[in-house]
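Thanks for coming. Please have a look at the structure first.

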Amino acid sequence: MEDKKEEKNENIQAAGDHFALEIDSDSRNEEFARVVTAVFLSRLNPTLEELDDVKTAVSEAVTNAVIHGYEGKDGTVRLEGKTEDNIFTIQVQDQGKGIVNIKRAMEPMFTTDTTGERSGMGFAFMEAFMDELEVESIPGKGTRVHMWKKMRCGEIGRASCRERV
């Protein structure tokens with residue numbers, strides 16, 4: 001049991017304004033990725049709306065990697081987050097099947113799911129909840145989703161993000 005605990009701890013690295021997390025491509029890990037991201041982001045003391053936006057976007061990116069990137073097969077999803085000034089940046093990367101047509105995949109309601117269980121709104125939600133979204137993919141090699149969000153904590157006459165308690 002101790003060996004397993006030590007193994008898990010090696011998969012999360014946080015230093016200063018950066019974290020890296022590797023999780024198995026299992027849909028149960030989506031919530032874990034979302035919570036780790038939220039805890040890391042909490043150092044900026046975000047508003048509840050900002051926190052919910054980021055958690056939703058991360059959830060969608062991880063779910064896409066698990067469901068579409070690996071299609072139920074074993075793999076690893078890597079998250080890297082960082083803060084610089086009031087900007088939060090996160091990358092979600094897989095080494096799954098990749099996306100053949102990114103432009104088409106990013107269209108609202110587009111899905112490759114034939115079961116009717118998926119709505120095709122993952123990228124639309126990421127775009128709506130984050131300030132910027134960039135998707136890179138190589139078919140057969142994997143996909144990297146890079147998202148940015150400015151934390152508004154320095155606005156509306158408030159102290160900077162790091163000064164708020």
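Which residue in β3 is the bridge partner of Phe 19? In β3, that partner is Gly 81. Before going on, the conventions. This is a predicted model, in which local features need pLDDT of at least 70, side-chain atom pairs count only at pLDDT 80 or more, and totals for chains, interfaces and linings use all residues. Residues are numbered from 1 along each chain as its sequence is written, and side-chain values use heavy atoms, with hydrogens and water left out.

Now the overall layout. There are 5 helices and 6 strands in the chain; these are DSSP runs numbered from the N terminus, with helices being H or I of at least four residues and strands E of at least two. Read from the N terminus, the order is α-β-β-α-α-β-β-α-α-β-β. Of the 165 residues, 39% are buried, where buried means under 20% relative accessible area, exposed over 50%, and partly exposed in between, with a 1.4 Å probe and protein chains only. For contacts between residues at least 6 apart in sequence, 61% join residues at least 24 apart; a contact means heavy atoms within 4.5 Å. The accessible surface is about 9,700 Å², and 48% of that belongs to carbon and sulfur atoms. Those areas come from the Shrake-Rupley method with a 1.4 Å probe, and for residues only the protein chains shown count as cover.

Back to the strands. Strand β2 (residues 18-24) pairs with β3 in the antiparallel sense over 7 bridges; two strands pair if DSSP finds at least two bridges between them. On its other listed pairing, β3 runs antiparallel to strand β4 (residues 87-94), joined by 8 bridges. There, Lys 82 stands opposite Thr 89 in β4. The two strands β3 and β4 make a hairpin with 2 residues between them, and Asp 85 in the turn has a positive phi of about 55 degrees.

The side chains of β3 (residues 76-84) alternate.

Next, the rings. The structure holds 3 aromatic pairs. One is Phe 19 with Phe 40, tilted, at 4.9 Å centre to centre and 55 degrees between the planes. That pair links distant parts of the chain, with Phe 19 in strand β2 and Phe 40 in helix α2 (residues 29-41), 21 residues apart. For the criteria: rings of Phe, Tyr and Trp (its six-membered ring) pair if their centres lie within 6.5 Å, and planes under 30 degrees apart count as stacked, over 60 as edge-to-face and the rest as tilted. Phe 19 counts as buried at 2% relative accessibility, and Phe 40 is buried at 4%. Ring pairs link Phe 19, Phe 40 and Phe 88 into a cluster.

Leaving aside neighbours within four places in sequence, Asp 53 contacts Phe 129, Met 130 and Lys 149.

Last, confidence. The mean pLDDT of the chain is 82, and 74% of the residues reach 70 or more; pLDDT is the predictor's confidence in each residue, from 0 to 100.
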